[in-house]
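Visitor: I have a model open and would like a walk through it. Can we start with the terms and then go to the chains?

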Amino acid sequence: MADSALQFDNVTFCYETQAEPTLKNINFTISTGSKTLVLGPSGSGKSTLISLINALVTEENGDLSGRVLINGVDQTGKDPFDRSLLVGTILQDTDRQFVGLTVAEDIAFVLENEGEPLAKLRQAVKDVAERFGLTELLPLGPNVLSGGQKQRVALAGVLVGDSPILVLDEPLASLDPKAGQSLLETIDQLHREGITIIMVEHRIDEVLRHGVDQVLVLEDGELVFDGSANDLLVQPDFHDWQLAQPAYVSLIEKSGYALDDLTDIANIAKVDGPKLAVKLSDFLETQPAATAAENFGSTALEATGIAYQYGNRQILTDVDFSVQKKEWLALIGENGSGKSTLARLLAGFLPLQKGLVKADDKDEKAVELNDLPLAEHAQYVGYVSQNPNEMLIGLSVFEEVAAGLRLRDVSEEVIDEKVLAALKEANLYPYRNWPSQALSFGQKRRLSVLAVAILEPSVLILDEPTAGQDDISAKGLLTYLQSLRDKGLALVTVTHDMALIENWADRVASLVNGQLTRQISPKTLFESADLLSETSLIQPSDQVLLERLGLKGKERGHE
Amino acid sequence: MKKKGLSTKDVVAIGIGAAVFLILFKFVAIPTGIPNTQVNVAQSWLSLISILFSPMVGFFVAILGHSLNDAISYGSIWWSWVIADGCYAFIFALLVKRAHLLKGALNFWKVAWFNISQLIANLIAWLLIAPTLDIVIYAEPANKVYLQGGLSVIVNVISTGIIGTTLLSLYLKNKGQQTLLRKED
Amino acid sequence: MNDFLGYQERDSFIHKMNGTSKLIVFILLTVAGILSFDMRFLIGLTVFSALVLYFSKISWKSIRVLVYLTVIFAVLNLLLIYVFAPHYGVELYHSKTVLLGSGYYALTSQQIFYELLVLLKYCFSVPLSLAFLLTTQPSQLAAGLNKVGVSYKVAYAFSLTLRYLPTIQDEFQTTRKVQEARGFALGKKASLGKKLVASTRLLLALAFSTLEKVETISEAMALRRFGKKKKRTWYYAQSWHLADWIGLLFGIALLALAILLVSVDGGRFWNPFA
């Protein structure tokens with residue numbers, strides 16, 4: 001039997017400032033060289049668990065009982081600095097953990113802090129850069145790197161110090177699916193080299209494609225599951241834990257097939273069961289056909305001949321774009337494809353260099369937006385950026401929403417009525433008197449959408465609306481967006497979230513090399529391997545399954 | 001955890017704080033109509049950072065932020081004002097420490113303490129340190145530099161009084177003790 | 001980052017000097033320039049710095065706007081000095097030679113000489129700082145700060161400022177647009193009151209996200225053992241070569257000259273009217 005790399009022995013932890021313990025009687029063992037996935041919704045205690053492992057949180061921060069053992073050694077009373085010799089940590093925010101001015105400097109960081117002599121430092125950086133294929137990036141700064149490259153730099157920067165246990169806190173959060181798969185491959189390689197991997201991640205579907213040895217599930221500070229991925233997926237409580245079910249498992253479950261009858265359920269390449277194909281095939285037959293051309297409203301926003309140049313780089317060339325009322329459009333494209341630039345141009349956040357943008361007002365009259373001041377532009381096209389903190393300034397939740405209306409001379413009564421109704425719809429009503437910064441990240445996101453939507457624009461553009469959120473809060477936001485859409489709003493979401501594209505969007509427009517492709521249905525997108533690859537997406541797992549079982553094309557409603 | 005010197009968090013607060021100071025300094029200056037005198041939002045940011053961390057952090061945020069801004073926007077550093085800015089932050093933070101602004105809710109006395117502290121610190125920095133250094137370094141005539149200093153004091157005291165106090169009170173509402181927050185139906 | 005000056009990669013011997021020696025020379029010459037009010041010395045120092053800038057192969061185009069700005073600022077300040085103290089030169093040099101006009105604002109050669117001196121005090125440091133700033137890689141600058149005795153924590157804070165400046169600037173620009181879209185514009189047309197409200201909102205939004213950033217970045221650094229030891233090494237630290245020693249020699253010599261002149265002139269001012 002393998003030795004234990006990490007053991008929690010009846011650990012309970014309560015922060016100084018809190019009445020209730022954040023972790024309660026946690027017991028588990030992780031063996032050396034294994035790969036473990038830690039799951040649980042926001043607030044379940046995952047981050048505290050990770051912090052206890054890497055010593056960001058110790059007995060100095062609160063009341064700790066029980067023992068944390070690393071490689072069999074009790075860590076109570078040990079210097080937290082020394083913990084990083086045993087445990088290396090990768091965080092979700094790729095930009096914030098990149099603290100050096102160049103790749104070389106960032107990789108060297110830990111050795112610099114150890115005061116290692118220069119010659120040793122440079123040799124170590126050179127070696128680890130070769131191992132991770134980063135040699136050519138060494139002199140570059142973080143602003144020219146993609147998220148995936150930054151995560152690889154982070155891995156190199158941790159492993160240059162030779163930590164035998166690697167903790168990853170939502171490493172995929174800011175990566176597109178393709179970069180995510182490539183990072184998971186790198187992690188696999190490290191796993192094969194014998195490094196113990198402990199990973200917190202919401203995106204179960206993507207992680208499972210590479211397999212894990214052990215899964216831990218936390219709920220309200222308690223460890224509710226400790227076992228294999230195969231066992232996890234058939235747990236009757238699975239849905240109560242508010243986890244994101246892999247798309248192919250959802251499909252099988254929806255078809256009415258008993259999950260218990262499956263073998264290798266956690267492995268998409270192998271999963272099977274008696275008559276699975278037949279059952280799925282029957283199920284697909286009964287599914288209502290997707291209407292090929294849905295009837296949306298009239299045009300909400302139309303842009304023609306958009307071009308944009310930054311310095312010598314042509315980012316967009318002659319883009320035509322339109323979105324209809326009641327349409328939900330997903331705008332996709334790989335890093336640097338210009339999708340954010342297009343979104344910002346449409347929203348009036350960047351000055352138009354070439355082209356024309358028109359939007360429909362409430363009387364369905366087309367208004368030219370080109371030369372409008374931003375505040376007026378925003379009455380037609382609302383834009384919600386990725387970071388809610390750019391909008392929320394710490395007033396009460398009610399005031400944050402009301403501010404935009406107040407400036408536009410709406411009467412107090414109308415403001416009251418409108419804002420309260422909107423807060424109810426977005427499930428923020430109970431918090432209306434809270435200062436906005438006291439909300440959770442997911443709530444802040446929802447509030448920032450609300451603050452823009454309250455001006456009743458014809459189109460709402462959202463940049464990566466689901467990024468960094470757990471399944472529950474992402475769904476909460478999407479449901480709210482759906483309700484806005486149903487009232488006649490057109491939605492444009494810049495995204496690489498596959499679940500959003502597959503389950504929520506009506507149509508997909510992809511930017512490739514600065515040009516917009518034809519708008520297609522999500523289904524068509526997921527059938528085109530070329531387009532997926534060009535836009536940094538991967539095939540959704542339900543499609544992978546159907547293809548393997550030879551059921552592709554069985555679905556109705558094909559274009 | 002009381003350790004001597006700067007903690008890692010202090011170091012980051014200095015680094016990022018100085019970057020924000022620089023950006024505000026450069027991009028958010030509201031002209032008052034009087035030449036050479038602007039309402040500087042950066043001053044309020046400096047005051048907040050000094051309260052949240054320590055006098056030393058405030059001092060370095062001002063020194064790094066101000067000198068770097070001078071260097072990369074004008075190519076030369078106006079040392080007398082850089083040092084005066086640093087001293088403002090340091091003195092202000094020392095004066096305000098006793099008021100324990102971060103504990104409990106903001107009340108009249110705390111607001112008064114905050115504002116009297118910033119008044120004293122502004123007076124020392126801009127009516128004593130900056131003009132004196134201007135005379136020592138550049139041999140500028142006394143009446144000119146004291147008038148400039150006096151104007152700076154007035155503008156800084158008013159702007160920190162309004163913007164700085166707002167910033168502090170909203171900060172406390174959001175990040176102060178949240179035990180009173182309850183969901184309402 | 002178009003709004004700011006930054007390191008420019010060129011092939012010059014100034015570029016090849018290491019960050020520490022350049023920083024020391026910069027400090028020595030700045031002190032010398034601050035100390036001296038000897039016109040001859042300041043002219044010499046300015047010419048020397050200009051030559052250094054010339055040899056560093058920095059293009060005039062990249063710095064001209066900034067030089068114009070500095071000159072305009074300096075001239076404005078000179079006018080102000082004249083308005084407030086038209087006799088200051090006369091007082092300093094204990095003599096009065098009227099060139100033009102009469103009465104309180106009569107123009108004297110002593111005043112002209114004094115104001116030229118102040119202009120030089122403003123300007124000597126421009127080519128010097130540019131030659132230093134534009135030829136030194138930011139990481140080497142941080143390493144240099146540490147090497148001349150600044151605590152490594154402060155030196156690293158400086159490095160962090162440079163690292164996160166573009167990030168903060170981006171965030172600032174977006175925040176400004178987001179607020180503008182809601183109706184809180186900072187434009188020229190807005191009244192003073194509206195600008196105050198808009199800029200306070202901007203500051204608040206930036207303050208909250210900055211404090212959150214401080215939290216995560218310091219965690220990321222602590223996890224990689226920052227602050228553990230009394231000393232730290234720097235990947236970009238460089239060794240000393242001949243050019244460094246020669247530069248250092250120049251720096252010391254010029255500062256020594258400045259000090260010597262103080263004793264020769266019998267004070268910091270050199271009086272050609274005596």
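Guide: Contact first: two residues are in contact if their C-beta atoms, placed from the backbone, lie within 7 Å. Helices (H or I, at least four residues) and strands (E, at least two) are DSSP runs, numbered from the N terminus. This is a predicted model, in which local features need pLDDT of at least 70, side-chain atom pairs count only at pLDDT 80 or more, and totals for chains, interfaces and linings use all residues. Residues are numbered from 1 along each chain as its sequence is written, while chains are lettered from A and ligands numbered from 1 in the order in which they are written.

Visitor: OK. Which residues of α5(A) and α6(A) meet?

Guide: From α5(A), A:G147, A:G148, A:Q151, A:R152 and A:L155 meet A:A179, A:S182, A:L183 and A:T186 of α6(A). By class, that contact of α5(A) with α6(A) has three nonpolar, five polar and one charged residues. Ala, Val, Leu, Ile, Met, Phe, Trp, Tyr, Cys and Pro count as nonpolar, Asp, Glu, Lys and Arg as charged, and the others, Gly among them, as polar.

Visitor: At what angle do those two helices pack?

Guide: Helix α5 (residues 147–159) and helix α6 (residues 177–192) of chain A pack at about 20 degrees, with their axes 9 Å apart. That makes α5(A) roughly parallel to α6(A); angles under 35 degrees count as roughly parallel, over 145 as roughly antiparallel, 65 to 115 as roughly perpendicular and the rest as oblique. Axes are lines fitted to C-alpha atoms, for helices over the stretch in contact, and angles run from 0 to 180 degrees between N-to-C directions.

Visitor: Left-handed or right-handed crossing?

Guide: The crossing of α5(A) and α6(A) is right-handed. A crossing is left-handed if the near helix is turned anticlockwise from the far one by less than a right angle, and right-handed if clockwise.

Visitor: Zooming out, how many helices and strands are in chain A?

Guide: Chain A has 20 helices and 20 strands. Its C-alpha atoms fill a box of roughly 70 × 60 × 50 Å along the principal axes. A compact globule with 559 residues would have a radius of gyration near 24 Å, and the 25 Å of chain A agrees with that. The radius of gyration is taken over C-alpha atoms, and the globule rule is 2.2 Å times the number of residues to the power 0.38.

Visitor: What domains does the assignment give for chain A?

Guide: Domain 1 (4–241) and domain 2 (299–520); such bounds come from an automatic or database domain assignment. The centres of the two domains of chain A, taken over C-alpha atoms, are separated by 34 Å. Their contact takes eight residues from domain 1 of chain A and twelve residues from domain 2.

Visitor: Switching to chain B. Which elements, in order?

Guide: From the N terminus on, the elements of chain B run α-β-β-α-α-α-α-α. The radius of gyration of chain B is 17 Å, close to the 16 Å the globule rule gives for 185 residues, so chain B is as compact as a globular protein of that length. The C-alpha trace of chain B spans about 65 × 35 × 30 Å along its principal axes.

Visitor: And chain C, what radius of gyration?

Guide: Chain C has 24 Å, whereas a compact globule of 274 residues would have a value near 19 Å. There are eleven helices and two strands in chain C. The chain is divided into domain 1 (17–137 + 239–265) and domain 2 (152–222), and 35 Å separate the centres of these domains of chain C, taken over C-alpha atoms.

Visitor: Last topic, interfaces. How many residues does the contact take from chain B and from chain C?

Guide: It takes 45 residues from chain B and 53 residues from chain C. α1(B) gives the most to the side of chain B that touches chain C, with 15 residues. That side of chain B divides into 34 nonpolar, eight polar and three charged residues.
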